[in-house]
Amino acid sequence: ETDIQIITSNNLIKYLNELKNGILGRTNSLDSINTKKNVFSAFWNYLRQNKYVDDNVISHIPGNLYKSEKRYKEVEIPTDEQVEKFLVNITDGNKNEFNIIRNIAIVQLIKGSGIRSEELINMDISDLHLHEEKRPYMMILGKGNIQEYDKVYMSEQARMNIEEYLKIRTFFVTEREIKDNALFLSNENNRLSKGAITGFFNLYSEGEIYPHMLRHWVGSKLYEETKDIVLVQRQLRHKNLETAARYYVHMDESTIADAVLTL
């Protein structure tokens with residue numbers, strides 16, 4: 001029996017506990033301990049596959065023993081001032097009228113609906129419904145290109161900017177004899193790419209705003225105005241309420257503690 005074979009899961013639990021409690025020096029975080037545990041597991045798998053040991057002793061350590069609390073990254077939301085400055089920069093920073101009107105329409109559509117940039121680039125003109133019942137909306141192919149369309153409403157401002165863009169788009173496709181039905185076109189006469197959208201966001205916002213931040217801006221504004229997380233979930237089409245609530249419902253610890261005291 002080799003030295004490595006006499007190591008048991010209890011030996012490793014003792015070692016990891018010592019790391020956790022700082023007995024061997026600096027206290028290790030649960031995330032750090034889990035990383036070490038995963039490295040050990042990979043090593044023991046290698047030993048087992050090469051017949052140095054009969055078993056992976058890490059697999060006998062209970063999975064919840066060093067479980068860390070789930071932490072969610074806070075979403076980044078631009079300020080109203082940053083958004084306004086971004087729109088001004090688009091207008092002032094480009095000499096191409098088609099690009100200016102198209103890019104403003106793209107920003108206002110994301111800002112006025114919360115759709116994802118990949119959904120936006122997949123839209124065709126036929127997906128727009130700008131005058132139905134005075135509530136402009138569009139049909140959006142769902143995330144992952146699932147062949148199901150969602151009805152997504154847009155702001156009146158977005159509708160106006162889209163209509164302005166459609167006018168110049170008509171001249172653009174007529175002049176260049178373009179047959180593409182894509183809503184947003186590039187200067188190369190084809191469907192605009194996601195990279196192109198990310199590029200002009202980065203350029204004219206001076207690196208402060210990317211498309212998904214505007215989606216979060218919409219969620220934040222809708223929740224501030226309505227306090228209705230179901231409405232936010234429906235408009236942004238999050239899979240479940242938990243995701244929407246995690247992003248947009250913010251309560252400090254004292255508010256929660258005070259509420260629990262009255263139970």
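Reader: Is Tyr15 buried or exposed, or in between?
Author: Tyr15 counts as partly exposed, because its relative accessibility is 31% (buried is under 20% relative accessible area, exposed over 50%, partly exposed in between, with a 1.4 Å probe and protein chains only). This is a predicted model, where local features need pLDDT of at least 70, side-chain atom pairs count only at pLDDT 80 or more, and totals for chains, interfaces and linings use all residues. Residues are numbered from 1 along each chain as its sequence is written, and side-chain values use heavy atoms, leaving out hydrogens and water.

Reader: What does Glu206 pair with?
Author: Glu206 forms a salt bridge with Lys85, with the closest N and O atoms 3.2 Å apart. The two are 121 residues apart, and the pair links distant parts of the chain.

Reader: And how accessible are those two?
Author: Glu206 is exposed at 51% relative accessibility, while Lys85 is partly exposed at 40%.

Reader: What about Asp124?
Author: Asp124 forms a salt bridge with Arg191, the closest N and O atoms lying 2.7 Å apart.

Reader: Which residues are linked in a network of salt bridges?
Author: Arg116, Glu119, Asp150 and Arg237 are.

Technical notes. A salt bridge is a side-chain nitrogen of Lys or Arg within 4 Å of a carboxyl oxygen of Asp or Glu. Helices (H or I, at least four residues) and strands (E, at least two) are DSSP runs, numbered from the N terminus.
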